[in-house]
Amino acid sequence: MHELWGEMDRRLLIKLGTAGLAALALPGAALAAMAQGFTHGVASGEPGANSVLLWTRYAAANDSALTAELSDSPDFARIAGGGSVTAQGDKDHTAKITIDGLEPGRWYFYRFVAPDGTKSPTGRTRTLPSGPTSAFTLALFSCANMPFGWFNAYGHAAARNDIDLVAHVGDYLYEYRVGDYPSLKDAVSGREVQPTNELIALADYRLRYAAYRSDPDLQRLHQLFPVIAQWDDHEFANDTWKGGAENHNEGEGEWRAREVAAERAYREWMPVADTRWRHYQVGDLATIFLPETRITARDKPFEIEEIVAGGGDAAAKLKRFAETGYHDAARQLLGTDQEKWLFDGFAASTRAGTRWQVCAQQIVMGSLFTPPESAGWFGANPPEAVRRRVAASQLAAKAGLPLNMDAWDGYPAARDRLLAAAQAADADLVTLAGDSHNAWAFDLSHDGRPAGIEIGGHSVTSPGFETYTPGISDDMRVDALRRSSPQLQWANTQDRGYVSVALTRDRMTANWHNVESVLQRSPALAATHSMTAQRGRKAYDSA
């Protein structure tokens with residue numbers, strides 16, 4: 001699938017847009033937000049066999065009519081497609097246009113031209129293959145908190161020549177005020193964001209996107225690869241559900257107004273279609289489903305503290321809940337309309353002879369349970385809030401309840417429906433997940449039978465288990481988690497990075513790439529861990 005790379009002069013790729021990145025790198029994200037012209041490079045997304053969506057931002061005093069040009073060569077000697085699009089002030093001067101009539105499985109170059117003849121940086125994108133397809137590689141990203149460090153995972157991936165598509169499954173940015181997650185002492189120098197307050201209004205979200213998109217490695221990734229993307233919670237607020245969020249309160253206004261503002265800014269700044277869920281067909285090799293798991297239908301997550309509130313025997317309350325309310329079939333994560341779309345999609349994909357069914361969604365689907373050993377991981381005298389939470393987690397585990405109720409583990413009936421639908425369709429299911437900040441490999445099962453595999457991607461910068469359990473080695477944490485969680489085949493609970501997923505007709509290979517550090521800007525890797533799964537087996541080959 002990558003033979004077209006051999007036809008390209010890589011020196012031309014290096015030259016794409018370097019002037020624009022250098023300009024943004026000088027005074028930081030604040031200047032980028034105030035700059036005029038093409039302020040944030042270019043991006044592409046929503047690839048099909050014959051089409052692709054192109055994005056840019058052109059800031060000016062008034063709306064600006066831009067011309068999009070797409071070519072099969074970086075010198076634009078032949079224009080293969082294009083059109084007119086307006087960068088509108090009421091859309092934060094962003095512009096999106098879908099170009100049709102393209103050839104399948106082909107790399108293209110593109111750019112935008114302003115009314116005065118100024119040209120944007122040149123981007124590169126590709127269409128999806130059609131018909132018989134032998135191989136396809138995607139890169140999986142999530143959880144990029146800019147003040148926690150440099151986006152070295154993006155930088156490493158952007159330098160590769162074997163990626164066909166990027167999937168970003170959420171927490172593309174974080175909504176916290178400056179000084180909250182990370183604290184001021186933990187924030188990395190040179191990684192400042194705007195605004196300094198928590199994101200609530202449309203202007204807040206727009207400014208935070210402008211800050212994040214000023215990062216040169218993120219710009220470069222968008223510039224060189226098509227990106228399919230879906231939000232998780234932090235594009236809105238922490239632990240979002242259909243009626244609110246953990247860190248939204250009455251003093252911040254109506255939740256619905258904040259939700260609308262966040263979604264609007266996301267659609268303005270991201271190269272995405274205006275539909276909440278969608279799928280992509282990679283020839284006869286894979287169908288990639290991109291569901292929405294946060295704001296359409298998700299019921300409020302369970303909280304252990306609420307279950308045991310009011311005094312009395314906490315263990316008995318948790319046991320009773322584990323046997324009753326925990327399995328409530330009425331609780332939703334996707335909602336009935338989206339479930340029908342996804343489950344019908346599994347069946348249609350396998351019926352058409354597609355080899356793999358990939359579900360690129362936001363939260364971990366495999367089951368994780370608190371290990372009993374973890375009671376001693378937080379030091380001899382942890383803060384009272386930590387002590388209470390650890391004690392509650394231990395009681396929950398003894399009752400058979402999972403570690404994280406904000407993941408699919410908090411919606412077991414919804415997960416059962418999804419896995420049963422995959423089994424009924426005889427799907428070769430590969431779920432992709434972010435959100436947890438750590439790397440996981442799960443064998444998924446339902447009703448005692450294999451149902452697929454999960455690739456849990458670690459974060460770009462956001463901290464994981466290692467931050468909250470200092471002095472406990474990764475081996476110790478992982479060994480304990482594997483003993484308490486039978487579906488878990490492998491994990492890494494200490495590194496940041498991304499995953500590349502290579503699909504062939506008979507094998508899936510997942511490669512978890514760990515960057516050396518996020519404290520300095522460097523694309524160097526510390527290590528890569530690889531695992532494979534054979535088509536038809538619906539389980540990993542080995543750890």
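Reply:
**The H9-H11 contact and its surroundings**

Ala314, Ala315 and Leu318 of H9 meet Ala392, Leu395 and Ala396 of H11. Contact here means heavy atoms within 4.5 Å. Helices (H or I, at least four residues) and strands (E, at least two) are DSSP runs, numbered from the N terminus.

The model is predicted: local features need pLDDT of at least 70, side-chain atom pairs count only at pLDDT 80 or more, and totals for chains, interfaces and linings use all residues. Residues are numbered from 1 along each chain as its sequence is written, and side-chain values use heavy atoms, with hydrogens and water left out.

Now the geometry. Two packed helices are described by the angle between their axes and the distance between the axes. The axes of H9 and H11 come within 9 Å. They cross at roughly 50°. Axes are lines fitted to C-alpha atoms, for helices over the stretch in contact, and angles run from 0 to 180 degrees between N-to-C directions. The two helices are therefore oblique to each other. On this scale, angles under 35 degrees are roughly parallel, over 145 roughly antiparallel, 65 to 115 roughly perpendicular, and the rest oblique. H9 passes H11 in a right-handed crossing. Right-handed means the near helix is turned clockwise from the far one by less than a right angle; left-handed means anticlockwise.

Next, H11 itself. H11 covers residues 384-398, and its 15 residues should span 21 Å at 1.5 Å a residue. The expected span is 1.5 Å times one less than the number of residues. The end C-alpha atoms of H11 are 21 Å apart, which agrees. Val390, Ala392, Gln394 and Ala396 are buried in H11. Buried means under 20% relative accessible area, exposed over 50%, and partly exposed in between (1.4 Å probe, protein chains only). The buried residues of H11 pack against H8 (304-307) and H9 (314-323). Just after H11, Gly400 takes a positive phi of about 90°.

On to Ile472. Ile472 lies in the loop between H13 (465-468) and H14 (474-484). At 16% relative accessibility, Ile472 counts as buried. Leaving aside neighbours within four places in sequence, Ile472 is in contact with Trp377 and Arg477. Ile472 and Phe378 are 94 residues apart along the chain, and their C-alpha atoms are separated by 8.9 Å.

Then a sheet. Seven strands form an open sheet with mixed pairing, in the order S11-S12-S13-S14-S16-S15-S17. S11 (278-282) and S17 (488-492) are the edge strands, each pairing on one side only. Neighbouring strands of this sheet are turned by 20° against each other on average, direction ignored. Two strands pair if DSSP finds at least two bridges between them. S11 and S12 (residues 286-290) run antiparallel and are joined by five bridges. His279 stands opposite Phe289 in S12. H12 (residues 412-424) packs on the sheet and touches S14 (429-433), S15 (439-446) and S16 (449-456). The direction of H12 makes about 70° with that of S15. H14 packs on the sheet as well, touching S15 and S17. The direction of H14 makes about 160° with that of S17.

A further helix is H7. H7 (residues 255-269) has 15 residues and reaches 21 Å from its first C-alpha to its last, close to the expected 21 Å. H7 is mostly covered, with 11 of its 15 residues buried.

S10 (residues 226-229) is covered on both faces. Pro226 and Ile228 are buried on one side, Val227 and Ala229 on the other. S1 (residues 37-45) and S10 run parallel, joined by two bridges. Ser44 stands opposite Pro226 in S10. S9 (residues 165-168) pairs with S10 in the parallel sense over three bridges. Ala167 has Ile228 in S10 as its bridge partner.
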